[in-house]
Amino acid sequence: MAQAQLLDKPFQEPPEHPKAWKWYDYFTFNVDHKVIGIQYLVTAFIFYLIGGLMAVAMRTELATAESDFIDPNLYNAFLTNHGTIMIFLWIVPAAIGGFGNYLVPLMVGARDMAFPRLNALAFWLNPPAGALLLGSFFFGGAQAGWTSYPPLSTITANTAQSMWILAIVFVGTSSIMGSVNFIVTIWKMKIPSMRWDQLPLFCWATLATSLLALVSTPVLAAGLILLLFDINFGTSFFKPDAGGNVVIYQHLFWFYSHPAVYLMILPIFGIMSEVIPVQARKPIFGYWAIAYSSLAICLVGLFVWVHHMFTSGTPPWMRMFFTISTLIVAVPTGVKIFSWVATLWGGKIRLNSAMLFSVGLLSMFVIGGLSGVTLGTPPVDIHVHDTYYVVAHFHYVLFGGSVFGLYAGIYHWFPKMTGRMLNEPLGITHFVLTLIGTNLTFLPMHELGLKGMPRRVAMYDPQFEAVNVICTIGAFVLAFSIIPFLINVIWSWNKGKKAGDNPWGGLSLEWTTSSPPLIENWEVLPIVTKGPYDFGMEQRAVMERKEDEEEYEYDDDEDEYEDEDDL
Amino acid sequence: MDGSVIDTAAPLGEVLSPAEEAHHEEHPDFRVLGLLVFLISESLMFGGLFVTYIFLRGLNEQWPPEGTEIELLLPTINTIILVSSSFVIHYGDVAIKNDDVKGMRKWYWITAAMGAIFLLGQAYEYLTLGYGLKTNIFSNCFYIMTGFHGLHVFIGLLLILGVLWRSRRPGHYSHQKHTGVAMAEIYWHFVDVIWIVLFALLYLLTIFG
C-alpha cells in the first residue's frame, strides 16, 4: 500500500516523529527497540532485587544450624523462585532482552529491529510471568526447585507448580520471539557498508545466543507441557508406576537448561568484547577467534546436557561422551578469556567502574570455569553432586560472570542510554563491595560442598556452622552493595554529568548517534569506514609504514656494506 | 505496510523507479524469513514430543499396552486429505503470483475445507477409539501428540481463513504483494510435514513396527 502511494507521489515528506519519548511511553506497548531495551533492563532489575531478597532470607535461615527464620515450606518456595527469577527474569531478559534490544540495531546501523511489534509483545510476556511466579506464593509456592524434577513437582503444591510452569512457558515464548527477531535483524538489516568482519562482537554473541535459544527452548516447552498434563490431567509421562519415566523429564529439561547457561553468559561475553577494547583503547585481540568461539560454544553447548545427570543412572558410554563434550566447551571459552587478556596487554587502560567489573568478571569466571571443569568429570561430580560445591560453582559463573558483566555493560552504556555519566566513586564503591561480597559468600561454599553439606535444605549439621556464618555475612555485603548502585543510577539519571555522544571514544556505530539516541537512531544513516575495534589503526599504519621504510633504508645500507666487502 | 517503523522509513529511491517496481523481489519484507526461523523452533517442540514417545516406546515391553488398538483406515484417509491439501494450497500460491485472486480464493477455500475435514475426522476418531487420555501411557502420548498437532492444524486453518477474509478487498493481494498468502502456505506445509512424521511414529510403526 505504502509503495503504491509512493509511486503516485514522486516525493513524500518523511513522516513526522517526536524527537524523544516521554516517561509514560516506557509503560506502554511501545515498538521502539530502545524503549523495549530499557523496559527489559528496568523490569529485570526489579526482579533481581526481589530474587535477591529471597536469597538474603534463605541465607539468614542458614546463618546458624538452629536458626528458625523461615519455615521449611517457605524456604523451598524461596529456593525455587530465587533460582527461577534470577535466571528467567533477571539474567536472560537483562542480557539478551535489555542489552540485545538496545544495542543490536544501533550496532548494525538499523533503525529498529526486523519485527518491532513482535519485539514489544516478547517484552510484555515477562511481567505476567513474574506475576505468576510471585502469585504462586498465595498457593503455597512452587516447592520443587528451579529444575522441578518429577516426582517431587507432581506431589507438592500443584496449583503453584502449574503457575510456575505457565510462567516458564511465557518467558520461553518471549525468548523464542526475541531470537527470531535478533537472527533476522542481524542477518538482514546490517547496513550494506558494514562487512561481516566489521560486525561488533556483541552482535556475533547475540546471534549465537539466539540460535541456541531458538533450538533449545521449545524442547523445554515440550517437557513442561507434559509435566503440566501429569500434574493436572492425569497423564503419566513421568510416573514410573504407570509406564512413564522420570529421567525423560531430566533429558528434556537439561537439553534446554544447560544451553540456558550459555544463553546467560554468551551475551555477557559479547558485552566484555565491547567494553574491554573500548576501555583499554586497543584493538581487540583475535576478532575472528572470539566470533567463532561464540558459535562454537553455541554448537557444542547443545551436546553437554547429560553432565547434569551423571548420577541419574546414566550408562558409562554416555558419561564418556558427555564428559568429553563438556570439557571441549572449555576450549572456546578459554580462547575468549585469553583474547581479552591479550587485548588488555599494553592497552591504555581506563580503570573505571566498567573496566573494573570486566576485570572482576575475568577472574571470577575463571574460578567458576575451573570448578566447572572438575564438575564435568564423573568421579568428582558423583562425589560432590547436590552439595554446596555445585552451588559455589554456578554462583561464580552466574553471579561472578553474568551479573558482573551486566554491571559492566550498564556502566559502559549508561551514558549512551541516558545521556548522563554515572558517578565514578559510587561505582567503584559498588564494585569493591560486590567483589568482596561475591568471594565471601561463594568461595567458602566450595569447602562446604567438599565436606558434604547438601544443597536445597533449610537445616544442616552443626559442623558446617562456622563456614555458613561467613557465607551469610558475605550475602549481606552483597545485598548492601546494591545501595550505592541504586543511588548512583537514580541520581545520575537525573543530575549526572552530561555525557556527550561518545564519552569513551568507541568506534562501533552506537557511538555515532546522540546520547540518548534519536527515536529512529540516526537522522542520516552512518557509513561504516572502519572496524569497530580499529583503535589507533591509522597511527599504527603510519608507524608500520615508517618502520618499513627504515628497514628498507637499512637494507640498502647493508647492500652497500656487502658491496664494499665484495670489493 | 505493517505500521512498523521500518516500513515507513523504506528507502524512497528504490521504490520510485518503475522498472525496478516490476521486480518481484523489490519489496523487502522479512516476515516470511521470520516465519521460517520460527518454524525451526516449532519443529523442535514437536521433536521433544517425538523423542519422548520413542523413549517411552523403548521402555515399555508391550506397545501399545493391552486395550489400546490403533485404527488405520480413518487416519489413512485423513492423511491423504491433509497431504493432498498441501498441493491444493500451492495452486493458490501459483494463482496469486499470476494475479489471479479468484483462483487463489478457490484453492484456499478447498484447502480450508480439507483442513476442516481433517479436524472433523480427528474428532470422530477421538470419539470412537474407546480409550481416553488417561487410559495408559500410549494413550497419553497419542492424545497429546495428535491433539497438539490438531491445534496447529486449527491455527493453520485460521490463517487460511484470515487470508480469505482479507482477499475480499480488491487489490489487497497481488502478484507483488502476497506475503500473507505465502505465510499461510508455508505454515500449512509445515503442519503437513509434522503430520507425516507423527503418522509414521504413532500409527505405522505401532502396527507394523
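**Surface patches and annotated spans**

Ile428(A), Val432(A), Ile436(A), Leu440(A), Val469(A), Ile470(A) and Ile473(A) together make a nonpolar surface patch of about 510 Å². Two or more residues of this patch come from each of α15 (424-451) and α16 (465-495) of chain A. This is a predicted model, where local features need pLDDT of at least 70, side-chain atom pairs count only at pLDDT 80 or more, and totals for chains, interfaces and linings use all residues. Residues are numbered from 1 along each chain as its sequence is written, chains are lettered from A and ligands numbered from 1 in the order in which they are written, and side-chain values use heavy atoms, leaving out hydrogens and water.

*The nonpolar patch*
- α15(A) gives the largest share, 4 residues.
- Ile436(A) sits in helix α15 of chain A (helices are DSSP runs of H or I, at least four residues, numbered from the N terminus).
- With a relative accessible area of 44%, Ile436(A) is partly exposed (buried is under 20%, exposed over 50%, partly exposed in between, with a 1.4 Å probe and protein chains only).

*The negative patch*
- Glu544(A), Glu547(A), Asp548(A) and Glu549(A) form a negative surface patch (patch residues have over 30% relative accessible area and no salt bridge; like charges are joined within 9 Å, nonpolar side chains within 5 Å; a salt bridge puts a side-chain nitrogen of Lys or Arg within 4 Å of a carboxyl oxygen of Asp or Glu).
- Glu544(A) belongs to helix α17 (residues 537-566) of chain A, and its 43% relative accessibility is why it counts as partly exposed.

*Chain B*
- An unreviewed UniProt entry annotates "transmembrane region" at several spans of chain B, including 32-56 and 76-95.
- Residues 32-56 of chain B are 100% helix, with end C-alpha atoms 36 Å apart.

Note on methods:
Areas by Shrake-Rupley, 256 points an atom, 1.4 Å probe, with all protein chains shown as cover. Lys, Arg positive; Asp, Glu negative; His and termini not counted. Charge placed at Lys NZ, Arg CZ, Asp CG, Glu CD. UniProt positions renumbered as here; feature names shortened; annotations may be inferred.
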